[in-house]
Amino acid sequence: EICACLVGSEMCIRDSPYSITDTVMPSFKADVAIDPCRITYGRYHINSFEAKINALIDGKDPKASFISIPNLKASVAGASLAADGKITSLTANAGIDADLNLKIDIAKLPQPLKAYLKTSSASSGKIDFSSRLKMRLGDLKPNRFHRISLDGNLALKDIDLTMPQDDTSIYTKSTLLRLGSNKSLGTGLHHVDSLLTASVECDTLHLISRGFDIELKDMKGGIGCANNSSSFDTTQINPIGALLKMGQFRYRATDSTRVRMRDASVRASLLRFEGQGRVPMLRLHTGCRSIFYADRLNRLLLGDGEISATARMRQLNDFPPRIRALYDSLKSAHPDATTDSIATMMRNSRKRGNFDLSRYDTMDFGIDGDTRKLLNRWNAEGAIKARRGFMFTPYFPIRNRIKDVDITFSTDSININNLFYQAGTSDLNIKGAVKNLRRALTSRAPVNIDLSIESDTLNINELVQTSYRGAAFAEQLNDGTVSYTHLTLPTIFR
């Protein structure tokens, strides 16, 4: 049942007659206007609907065809929609230029619509969405998405949503998602124009679903990428940066796994190494004032921890002159060979090291071919720092503490600048380095370990007894003598 006043003009107007034997499409122009009306379809009712649509189909020049919607409005109980826009180049990589505004009051939505959305009748909250979009369909690809021009806001307020069929409920006091294009950012001497950005602010979010429960507070995050003329070359790296901060985060699962974090942050970016458009560089930095992890058996607490890492693809200049000369020689002899093929030729041509492996203890790291290529192709470096940490586990049932952790690493080495470890009444201050890791992982070269360990107190009896107790516990757990349900901290660490 449609109650409407339809006004159509110039529905099929041609300058010349059209024959079905023509090799071109027919040309016509259509203008449709729908005055405010009500629409009923089964149990669904649209209280108000109006539209104005203009279309031009050009058979001789399909690229000139377009559909224009200067006005489209619809409303139901608890929701309203207003839109206008234009679609051009209908036959090849259509272009879209549109404005959209949507307002929803979940509590006032009609019951049939709530049932269709699988939400309970008690769900409530308000959603306000407005956006301006300008794009082509071809931009909906991973290597072209940055060409989209999008501005808009999505505001969620007092959302209390329950979906009984999925055993899921979501609550948020206030959440704001912003989308933007052509933004400008500046810090000191560095300034970046023309960005495609997305940011989110959330004061409280609580998600309960099958098997887990997540709660976070004071979350802020954003992601942005360059959106200028240099970004249109999809063969080059398009810089991307992201940031996420959380005041509090809590995770609980039905298997007793729990995670709590305070003042956590993550920063990540994809850049061009030294301005080279086809050489990627990745950066990552994470920090947390405190993080607590627990499951049925183990407890872990880390305070003031930071991890930073940088990775970039290796270039020929990273290698010694002798290796570069060999590469150039093989490249000249085999101009059609790929870089991986030439690297294989280089490995086969060089003399193997005369290591007497009988002098060393060997260990199989289980490195496959893809991992070897990754280690040979990328350079990585970073640092791990933490002020303090605690660990409790029945597999080594004694109080374990670490503090003043300062470790730097790269693809080829791990440098322990400082690490204080305390197990029960024993303590160790560890410094040193582990080197030659890349060759050890990709070939059969030995690892070089140089550690300095100092101790004020070393209780051998306590450490040995703790090891025996941990091994006995593991055996009892495997044969079923001890079950998870009877475990408590006092029984584990008595």
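Asp 263 is partly exposed, at 40% relative accessibility (buried means under 20% relative accessible area, exposed over 50% and partly exposed in between, with a 1.4 Å probe and protein chains only). The model is a predicted one, in which local features need pLDDT of at least 70 and side-chain atom pairs count only at pLDDT 80 or more, whereas totals for chains, interfaces and linings use all residues. Residues are numbered from 1 along each chain as its sequence is written, and side-chain values use heavy atoms, with hydrogens and water left out.

Asp 263 forms a salt bridge with Arg 289, the closest N and O atoms being 2.6 Å apart (a side-chain nitrogen of Lys or Arg within 4 Å of a carboxyl oxygen of Asp or Glu). Because Asp 263 lies in strand E14 and Arg 289 in strand E15, this pair ties together parts that are 26 residues apart in sequence (strands, E, of at least two residues and helices, H or I, of at least four are DSSP runs, numbered from the N terminus). By this rule the count comes to 12 salt bridges, including that of Arg 387 with Asp 304, at 2.5 Å from N to O. Asp 97, Asp 99 and Arg 132 are linked in a network of salt bridges.

The structure also holds 1 aromatic pair, in which the ring centres of Tyr 395 and Phe 473 are 5.6 Å apart with the planes at 80 degrees, so the arrangement is edge-to-face (centres within 6.5 Å for Phe, Tyr and the six-membered ring of Trp; planes under 30 degrees apart are stacked, over 60 edge-to-face and the rest tilted). Tyr 395 is partly exposed at 38% relative accessibility, whereas Phe 473 is buried at 9%.
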